[in-house]
Protein chains: 2
Amino acid sequence: MAKTVSVKKVAVKECCPVVSRILAAAEKLFSKHGFAAVSMSAIAKEAGTSKANIYHHFRAKDDLHQAALRFAAESIKSLLENVEESGGTVSRKLELFAQAHIEGMHSHPDMSRLILRELLTDSRKRGREIAESGFARNFSALTTLVRKGQKNGELRKDLDPAAVTALVLAANIFFFQNNDVLRHYREVTFADDPEGYVKTVSEILLNGIRPR
Amino acid sequence: MAKTVSVKKVAVKECCPVVSRILAAAEKLFSKHGFAAVSMSAIAKEAGTSKANIYHHFRAKDDLHQAALRFAAESIKSLLENVEESGGTVSRKLELFAQAHIEGMHSHPDMSRLILRELLTDSRKRGREIAESGFARNFSALTTLVRKGQKNGELRKDLDPAAVTALVLAANIFFFQNNDVLRHYREVTFADDPEGYVKTVSEILLNGIRPR
DNA sequence: TGCCCGACCAACCGGCCGGTCAGCAGCCAT
DNA sequence: ATGGCTGCTGACCGGCCGGTTGGTCGGGCA
């Protein structure tokens, strides 16, 4: 009866159809409106079940949020795995990573938004570490790749690899988060063309905006 | 008695001390926890007044949120005004803008977070346009600057000016939003040094990460 | 002095919140 | 048939929510 906050299910993935429906509903609503703005009734309605049934499968609202977050984070495998084995220059790998990263966010917008939202929420919050873990995986993999490029002379050695990594991720996350806003600026033509955006950004990062 | 949703005060700035205290409290709490997660009682407590008194000055919770947002957005003057008259190359001006931009966010974190939070919230929402307006001002001023640099040959002409602008803003906003997360990555050394971060980023953007 | 008006507040309202619980339909083993 | 087990539900709870109300207080003004 103690107020334990441990997570009920370890492998929560697909024990039964209603659970994954609940998780999908939670993911969708939490990512769109935020944790506090979504009621359990709303989630139940979206999942096509009853509120009590959610409490049959999850201990509390916070547990459900954690589970949805964990489920989303699990699905983010290291994007560099496929890229690494593709052969080619580090520059090329960087662009491929960026391409895969932005495409991944685009095809799983709810998951991505859920994680990003948690990332920039108040620290100290439970679940923050889950969001961070997925983020950290990509960050450190990218940094390693940059270091390799510096070692073999393909990239400048006088730059902080973490700063390069931050720039690549920043460009992608910015595009994903602010797409709706950017879309109706007349200066912006790339809002519906993530691939073109990544190409331009890669070109800028690799060769700079000053003429060579 | 009609359910009008117009804003009560046009110049809401400092009609009386308690109003600005309420606005400051709203700005702080909304930016930290989000609209739905903050109760009027909490704002009243933070502002050192009563909930009823807030409703004496603002029609509804949403009105208060709007007012706080408007107040924050008003204070964002075009950061390029001072930069423009500084003379110097376009490259230098770009770096100065970035420096001023990140410093502005750093010294008014609540305002910045409030606006950024609103920016990435569900479209259709009232108040989104307020957040967009401040964003748009900086975006289009920066784009103009980039165009000027392209015209006088200082910057490459084959790059989309909006993409360059997006990259500059992305780098800064990413740094500001994710600072707490980045801080405890061992690869990251620039978390407490925004000036150094901007310098590195500017160098990358101007000259690229490939050796010349 | 008397009065008026805006700033302010304690107490309250209906309603929705997260969370609980007794019990029901179906199904399998006995 | 029957008793228990599982997956699930409608009805309900106390509490907090956004918002209202009736009224106090104090300074300008006649």
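Q: Where does Gln66(A) sit?
A: This is a predicted model. In it, Gln66(A) belongs to helix α4 of chain A, which covers residues 61-74.

Q: Is Gln66(A) buried or exposed?
A: Gln66(A) has a relative accessible area of 6%. The cut-off for buried is under 20%, so Gln66(A) counts as buried.

Q: And what does Gln66(A) touch, not counting residues up to four places away in sequence?
A: Gln66(A) touches Arg126(A), Gly127(A) and Ile130(A).

Q: How is chain A divided into domains?
A: Domain 1 takes in 17-73 and domain 2 takes in 76-207.

Q: How far apart are the C-alpha centres of domain 1 and domain 2 of chain A?
A: Those centres are 28 Å apart.

Q: How many residues are in contact between domain 1 and domain 2 of chain A?
A: On the domain 1 side there are 18 residues, and they meet 12 residues of domain 2. The two domains of chain A bury about 1500 Å² between them, and carbon and sulfur atoms give 58% of that area.

Q: Which three residues of domain 1 supply more of that buried area than any other three?
A: Ser31(A), Leu69(A) and Ala73(A). Together they supply 39% of what domain 1 of chain A buries against domain 2 of chain A.

Q: Stepping back, what is the secondary structure of chain A?
A: Chain A has 11 helices and zero strands. The C-alpha trace of the chain spans about 65 × 40 × 30 Å along its principal axes.

Q: How much of chain A is buried?
A: Of the 212 residues in chain A, 52% are buried. The chain exposes about 9900 Å², with carbon and sulfur atoms supplying 54% of that.

Q: And the contacts in chain A, what share joins residues at least 24 apart?
A: Among contacts between residues at least 6 apart in sequence, the share is 65%.

Q: How many positive and negative side chains does chain A have?
A: There are 32 positive and 25 negative side chains in chain A, and the centres of the two sets are 5 Å apart.

Q: Let's pick one of the lysines. Where is Lys148(A)?
A: Lys148(A) is in helix α8 of chain A, residues 128-151. Its relative accessible area is 38%, so Lys148(A) is partly exposed.

Q: What is Lys148(A) in contact with, leaving aside neighbours within four places in sequence?
A: Lys148(A) is in contact with Glu84(A) and Lys93(A). For scale, the C-alpha atoms of Lys148(A) and Ala37(A) are separated by 45 Å, and the two residues are 111 apart along the chain.

Q: Now chain B. How many residues of chain A are in contact with chain B?
A: There are 58 residues of chain A in contact with 58 residues of chain B. The area buried between the two chains is about 5400 Å², and carbon and sulfur atoms give 65% of it.

Q: Which three residues of chain A supply more of that than any other three?
A: Arg156(A), Ile209(A) and Arg210(A), which supply 14% of the area chain A buries against chain B.

Q: What about Glu132(B), where is that?
A: Glu132(B) is in helix α8 of chain B. At 12% relative accessibility, Glu132(B) is buried.

Q: And what is Glu132(B) in contact with, leaving aside neighbours within four places in sequence?
A: From chain A, Glu132(B) contacts Val181(A), His184(A) and Tyr185(A); from chain B, Glu132(B) contacts Leu119(B).

Q: Something else: what is phi of Arg124(A)?
A: Phi of Arg124(A) is near 65°, which is a positive value in a residue other than glycine. Arg124(A) is in the loop between α7 (109-119) and α8 of chain A, and at 72% relative accessibility Arg124(A) is exposed.

Q: And phi of Arg124(B)? What is the value there?
A: For Arg124(B), phi is near 70°, again positive in a residue other than glycine. Arg124(B) is in the loop between α7 (109-119) and α8 (128-151) of chain B, and Arg124(B) is exposed at 70% relative accessibility.

Q: Last one. Is Ala47(B) buried or exposed?
A: Ala47(B) is buried, with a relative accessible area of 5%. Ala47(B) is in helix α2 of chain B, residues 40-47. Not counting residues up to four places away in sequence, Ala47(B) touches Arg21(B), Ile22(B) and Ala25(B).

Technical notes: Residues are numbered from 1 along each chain as its sequence is written. Chains are lettered from A and ligands numbered from 1 in the order in which they are written. This is a predicted model: local features need pLDDT of at least 70, side-chain atom pairs count only at pLDDT 80 or more; totals for chains, interfaces and linings use all residues. Side-chain values use heavy atoms; hydrogens and water are left out. Helices (H or I, at least four residues) and strands (E, at least two) are DSSP runs, numbered from the N terminus. Buried means under 20% relative accessible area, exposed over 50%, partly exposed in between (1.4 Å probe, protein chains only). Contact means heavy atoms within 4.5 Å. Accessible areas come from the Shrake-Rupley method with a 1.4 Å probe; for residues, only the protein chains shown count as cover. Lys and Arg count as positive and Asp and Glu as negative; His and the chain ends are not counted. The place of a charge is taken as NZ of Lys, CZ of Arg, CG of Asp or CD of Glu. Domain bounds come from an automatic or database domain assignment. Buried area is the accessible area (1.4 Å probe) that two parts lose on being put together, summed over both.
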